[in-house]
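Visitor: I would like to learn how to read the features of a model. Please show me the structure and take me through them.

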Amino acid sequence: MGDIENPKLLWAKGLLFAALGTMAGAMLLMEAPNVTVAILLLITVWAFCRAYYFAFYVIEHYVDSTYRFAGLWDFFRYAIGSRRAP
């Protein structure tokens, strides 16, 4: 299966991910509706967004400009086994 190139499908995919995240977060807050859970959920989402940014932007633009990642699996393989010398 190739990459999705149709802009409408890409927008639909992005909206579905946003809807999924919103529903999961809402369900979690319904399960345990308190401020501590809400704050921890916000911190979790923020931290994973920053980790994703690190994996795909920081590594490529500041650490190793020759390497291109196709996905998280490629990033993990790069980070664990084929790390390039600085």
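Visitor: What volume does the largest pocket have?

Guide: On a 1 Å grid over the protein atoms alone, a cavity is a set of points where a 1.4 Å probe fits but cannot get out, while a pocket is an open set with protein on both sides within 12 Å along at least five of seven lines. Points are joined across faces, edges and corners, and the volume is the space filled by probe spheres set on them. Here the largest pocket comes to about 190 Å³. The model is a predicted one, in which local features need pLDDT of at least 70 and side-chain atom pairs count only at pLDDT 80 or more, whereas totals for chains, interfaces and linings use all residues. Residues are numbered from 1 along each chain as its sequence is written, and side-chain values use heavy atoms, with hydrogens and water left out.

Visitor: Which residues line the largest pocket?

Guide: A lining residue has an atom within 4 Å of a point. The lining consists of Gly-21, Ala-24, Gly-25, Leu-28, Leu-41, Leu-42, Thr-44, Val-45 and Phe-48. Helices are DSSP runs (H or I, at least four residues), as are strands (E, at least two), numbered from the N terminus. α1 (7-31) and α2 (35-63) each supply at least two lining residues, and α2 gives the most, with 5. By class the lining has 6 nonpolar, 3 polar and no charged residues; nonpolar covers Ala, Val, Leu, Ile, Met, Phe, Trp, Tyr, Cys and Pro, charged covers Asp, Glu, Lys and Arg, and the others, Gly among them, are polar.

Visitor: How many aromatic pairs does the whole structure have?

Guide: A pair of aromatic rings is described by the distance of the centres and the angle of the planes. Rings of Phe, Tyr and Trp (its six-membered ring) pair if their centres lie within 6.5 Å; planes under 30 degrees apart are stacked, over 60 edge-to-face and the rest tilted. The search finds 5 pairs. One of them, Tyr-57 with Tyr-62, is edge-to-face, at 6.3 Å centre to centre and 65 degrees between the planes. In Phe-75 and Phe-76 the centres are 5.9 Å apart and the planes at 55 degrees, so this pair is tilted. Tyr-53, Tyr-57 and Tyr-62 form one aromatic cluster.

Visitor: Are Phe-75 and Tyr-62 buried or exposed?

Guide: Buried means under 20% relative accessible area, exposed over 50%, and partly exposed in between (1.4 Å probe, protein chains only). Phe-75 has 12% and is buried, whereas Tyr-62 has 63% and is exposed. In the chain as a whole, 15% of the 86 residues count as buried.

Visitor: What does Asp-74 touch?

Guide: Contact means heavy atoms within 4.5 Å. Leaving out residues up to four places away in sequence, Asp-74 touches Tyr-67 and Phe-69. Asp-74 belongs to helix α3 (residues 72-80) and is buried, at 18% relative accessible area.

Visitor: What radius of gyration does the chain have?

Guide: The radius is taken over C-alpha atoms, and the globule rule is 2.2 Å times the number of residues to the power 0.38. A compact globule of 86 residues would be near 12 Å, but this chain has 17 Å. The C-alpha trace spans about 45 × 35 × 20 Å along its principal axes. The chain has 3 helices and 0 strands.
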